[in-house]
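Subject: Handing over a structure

Dear colleague,

I am passing this structure on to you and would be glad if you looked it over alongside the notes below.

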Amino acid sequence: MIDFSVKPTLTGERVALRPFHDDDLPALAEILADPEVVRLTGSPAGETFEPARLRAWYGTRNSQDDRLDLAVVDRAGGACVGEVVLNEWDRANASCNFRTLIGPGGRDRGLGTEAVRLIVGYGFEQLGLHRIGLEVFAFNPRARRAYEKVGFVAEGTLRQVLRDGDGWVDATVMSILAPEWNRHRGHPEG
């Protein structure tokens, strides 16, 4: 049942998730250059994303058959504000890793939470996944809250996994399981 070759468009109230287009590249370059995105995703400081590198990466996302990468588009203005990804597919155990990034233009308006809810719902309801897991750094409480709102549950702590300046940062391992999703459909609190 799991078929990552299909790249759907998923539409919510505030966001649409869709395959990447070439005209998303300028927005993605700006997002990936944002210091907060760099820090919150644990990317190496000073890493640059030249247009050719971005085109090579995002130009191949729609042809991948072992992962699902979708652009997060703000429906209010039509701008690409980030991405959601189901990757590290474990076929035998029907599980995937999840990651996302939201740029400055998409923050603090519930777009990220809705994007997470849409992609997780698709993962369980259309792909037939059993488990979706992620790691979130301790200095990213906004992301952790978005994951909790959708029903992700903390499983444990990876201690000091990321150097942050002169210090170290923990990451929380979180997951959501198909039976949990089936009970609350991404709304565990209500």
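What follows describes the sheet, the salt bridges and the aromatic rings in turn.

This is a predicted model, in which local features need pLDDT of at least 70 and side-chain atom pairs count only at pLDDT 80 or more, while totals for chains, interfaces and linings use all residues. Residues are numbered from 1 along each chain as its sequence is written, and side-chain values use heavy atoms, with hydrogens and water left out.

The sheet

Eight strands make up an open sheet of mixed pairing, in the order β1-β2-β3-β4-β5-β6-β8-β7. Strands here are DSSP runs of E with at least two residues, helices are runs of H or I with at least four, and both are numbered from the N terminus; two strands pair if DSSP finds at least two bridges between them. The edges are formed by β1 (10–11) and β7 (153–164), each of which pairs on one side only. Strand β7 runs antiparallel to β8 (residues 167–177), with eight bridges joining the two, and Ala154 stands opposite Met174 in β8.

For residues 15–179, UniProt lists "domain: N-acetyltransferase" in an unreviewed entry; UniProt positions are given in the numbering used here, feature names are shortened, and annotations may be inferred rather than shown by experiment. That span, residues 15–179, is 30% helix and 36% strand, and its end C-alpha atoms lie 26 Å apart.

Salt bridges

Side chains of opposite charge can pair when their charged atoms come close. The structure holds 14 salt bridges, each defined as a side-chain nitrogen of Lys or Arg within 4 Å of a carboxyl oxygen of Asp or Glu.

One of them is between the side chains of Glu83 and Arg99, at 2.8 Å from N to O. This pair links distant parts of the chain, since Glu83 is in strand β4 (residues 80–90) and Arg99 is in strand β5 (residues 95–102), 16 residues apart. Glu83 counts as buried at 2% relative accessibility, whereas Arg99, at 27%, counts as partly exposed; buried means under 20% relative accessible area, exposed over 50%, and partly exposed in between, with a 1.4 Å probe and protein chains only.

A salt bridge also joins the side chains of Glu125 and Arg185, at 3.6 Å from N to O. Because Glu125 lies in helix α4 (residues 111–125) and Arg185 in the segment after α6 (178–184), the pair ties together parts that are 60 residues apart in sequence. Glu125 is partly exposed at 39% relative accessibility, and Arg185 is partly exposed with a relative accessible area of 41%.

Within helix α5 (residues 141–150), Arg145 and Glu148 lie three residues apart, about one turn of the helix, and they form a salt bridge whose closest N and O atoms are 3.9 Å apart. Arg145 is partly exposed at 35%, as is Glu148 at 26% relative accessibility. Salt bridges that share partners also join Asp34, Glu36, Arg107, Asp108 and Arg142 into one network.

Aromatic rings

There are seven aromatic pairs in the structure. Rings of Phe, Tyr and Trp (its six-membered ring) pair if their centres lie within 6.5 Å, and planes under 30 degrees apart count as stacked, over 60 as edge-to-face and the rest as tilted. The rings of Phe137 and Phe139 have centres 5.7 Å apart and planes at 45°, so this pair is tilted; both Phe137 and Phe139 are buried. Ring pairs also link Phe98, Tyr147 and Phe152 into a cluster.
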